[in-house]
Amino acid sequence: MKTLFLTGGGGAIGSAIKDLFLARGWKVIAPTSRELDLSDLDAVRTYMQPYLDGFDALIFSAGRNNPAELGKLTVEEIKKTIDINCVSVALICSLCRAAFEKRHNGRILGISSLYGNISREGRAAYAMSKHALNGLISTLALELGPFGILCNTLSPGFVKTKMTLKNNTTETLSALERKIPLGRFASVQDIARIAYFLCSEENTYISGQDIIVDGGFMAGGFQHL
């Protein structure tokens, strides 16, 4: 039985990923935010110690996104966002690296965002963290490729989740939906299916890529009036 280590398994996208992997026969280790505080790096080290014999796949779906414009955004908030969204990922990958190299097989997937490629007002901390995540995973693809480890990021566009509804007005949501060529926000299942493929044995050669899943928004849909 293959084993997945998943952060953010209690979130909308993370829950869909967890359910799909379980349905496909995987064992899933998915600590809650209470069990694993990703902003406390010492706690991350302690939590991971029993698991250093390795996993078949790591997926990082935990994310922090509290919009605020620079000037109103505290340094503490920036650091916490980056620690949760990126630094903890680097630490966990570092801790698990030896087991991956010994196994000579495995998958690492970071759930990034369109804001790992572009940005938006009020998203400084979030965009910083996701740009950093993309750079981290690209580097891991280079370093771990010789050991047969495939490393990618998956960047959802606008997904129908509580976070999306919380961070946008009704008017903004309607305007964004009109700019998506497919005419709808993604479902969490849309994202989970791509995550599963990238971490499955069906993926044999995709590595070092940021897979954008946005219904065509970045292809030019954002230009729609």
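Author: A residue is called buried under 20% relative accessible area, exposed over 50%, and partly exposed in between, with a 1.4 Å probe and protein chains only. This is a predicted model, where local features need pLDDT of at least 70 and side-chain atom pairs count only at pLDDT 80 or more, while totals for chains, interfaces and linings use all residues. Residues are numbered from 1 along each chain as its sequence is written, and side-chain values use heavy atoms, with hydrogens and water left out.

Reader: Thanks! Why does cysteine 96 count as buried?
Author: Its relative accessibility is 0%, and the limit is under 20%, so cysteine 96 is buried.

Reader: What makes the pair of phenylalanine 21 and tyrosine 196 edge-to-face?
Author: Rings of Phe, Tyr and Trp (its six-membered ring) pair if their centres lie within 6.5 Å; planes under 30 degrees apart are stacked, over 60 edge-to-face, and the rest tilted. Here the centres are 4.9 Å apart and the planes stand at 65°, so the pair is edge-to-face. Phenylalanine 21 is in helix 1 (residues 12-23) and tyrosine 196 in helix 7 (residues 188-199), 175 residues apart. Helices are DSSP runs of H or I with at least four residues, strands runs of E with at least two, numbered from the N terminus.

Reader: Is tyrosine 196 buried or exposed?
Author: Buried, because its relative accessibility is 15%.

Reader: What lies over the face of tyrosine 196?
Author: Arginine 24 does, at 4.7 Å from the ring centre.

Reader: Why is the pair of phenylalanine 158 and phenylalanine 217 called edge-to-face?
Author: The planes are 85° apart, with 5.2 Å centre to centre; that angle is over 60 degrees, so the label holds. Phenylalanine 158 lies in the loop between strand 5 (149-156) and helix 5 (162-166), and phenylalanine 217 in the segment after strand 6 (210-213), so the pair ties together parts 59 residues apart in sequence. Phenylalanine 158 and phenylalanine 217 are both buried.

Note on methods:
A charge sits over a ring if NZ of Lys or CZ of Arg is within 6 Å of the ring centre and within 35 degrees of the ring normal.
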